[in-house]
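Let's walk through this protein model together, one topic at a time. Have the sequence and the 3D view ready as you read.

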Amino acid sequence: MAAHGAGQTQGAGRVLGANLRARRDDQGISLSELARRSGIAKGTLSQLESGAGNPTIETVFSLSNALGVPVSSLLSEAPSSDVVLVRSAELAVLSGDAVDLRMLRRLENPGALLEIYDQQIRPGKVQHSDGHPGTEHHVVLSGRLRITAQGREHELGAGDYLAFRAGSAHQYEALDDLVRSVLLLEYPPDVHPVPIDDLH
């Protein structure tokens, strides 16, 4: 994966820091309590809230689970227009052992909260997830991808689609070269950080 611009990283860090502070304040929990819930050191959390650091996929999902909010409530700013154009190449990348994610859009409607990601899975390593709320929907654009979920392995090629409830451990592996795919996270209706009416 190519190196990413400092401006992108700083922008993503600023948004994460502001959202993390806001969600923690909303819930009335201390940094120490969030550290206990998430398993992330208090000093690291303090750095993230100040907009510093370079969080991994695992860190952001741990914070999402600890706060009981969708990942997008930590990573996205409210849209400022009725027409939204997102250039994937201009977005900050959230990286894990084998996966690089760019959040393209957060869509919130009554009864549904969706997050759309540009996802790349790098060959040579396996990306493990301990599980999180919601259902994952995957559409492979190029390459061959193995997803292990619900105790079963599924091999996907270009154009293939797979969905599964993501609450239990699951993993991803690129079988040959880099895999390009779209990941859509669908959260249950009760996972809403703020009332719908407050967003507009």
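V139 counts as partly exposed because its relative accessibility is 31%, where buried means under 20% relative accessible area, exposed means over 50%, and partly exposed is in between (1.4 Å probe, protein chains only). This is a predicted model, in which local features need pLDDT of at least 70, side-chain atom pairs count only at pLDDT 80 or more, and totals for chains, interfaces and linings use all residues. Residues are numbered from 1 along each chain as its sequence is written, and side-chain values use heavy atoms, with hydrogens and water left out.

**Around V139**
- You will find V139 in strand β5, residues 135–142; strands (E, at least two residues) and helices (H or I, at least four) are DSSP runs, numbered from the N terminus.
- Together with L141 and Y161, V139 makes a nonpolar surface patch of about 280 Å².

- Six strands form an open sheet with antiparallel pairing, in the order β1-β2-β3-β10-β5-β8.
- The edge strands, each pairing on one side only, are β1 (94–95) and β8 (161–165); two strands pair if DSSP finds at least two bridges between them.
- Strand β3 (residues 112–121) runs antiparallel to β10, and nine bridges join them.
- Across from Q119 stands S181 in β10.

**A look at R180**
- R180 belongs to strand β10, residues 179–187.
- R180 is also partly exposed, because its relative accessibility is 31%.
- Leaving aside neighbours within four places in sequence, R180 is in contact (heavy atoms within 4.5 Å) with D118, Q119, Q120, V140, L141 and S142.
- The side chains of R180 and D118 make a polar contact at 3.2 Å; this term stands for a pair of N or O atoms within 3.5 Å, where within protein one must be able to donate a hydrogen and the other to accept it, and residues adjacent in sequence count only if both atoms are side-chain atoms.
- R180 and D100 are 80 residues apart in sequence, with 9.8 Å between their C-alpha atoms.

**The whole chain**
- The chain has five helices and ten strands.
- Of its 200 residues, 40% are buried.
- Among contacts between residues at least 6 apart in sequence, 68% join residues at least 24 apart.

Technical notes: Patches are made of residues with over 30% relative accessible area and no salt bridge: like charges are joined within 9 Å, nonpolar side chains (Val, Leu, Ile, Met, Phe, Trp, Tyr) within 5 Å. Accessible areas come from the Shrake-Rupley method with a 1.4 Å probe; for residues, only the protein chains shown count as cover. A salt bridge is a side-chain nitrogen of Lys or Arg within 4 Å of a carboxyl oxygen of Asp or Glu.
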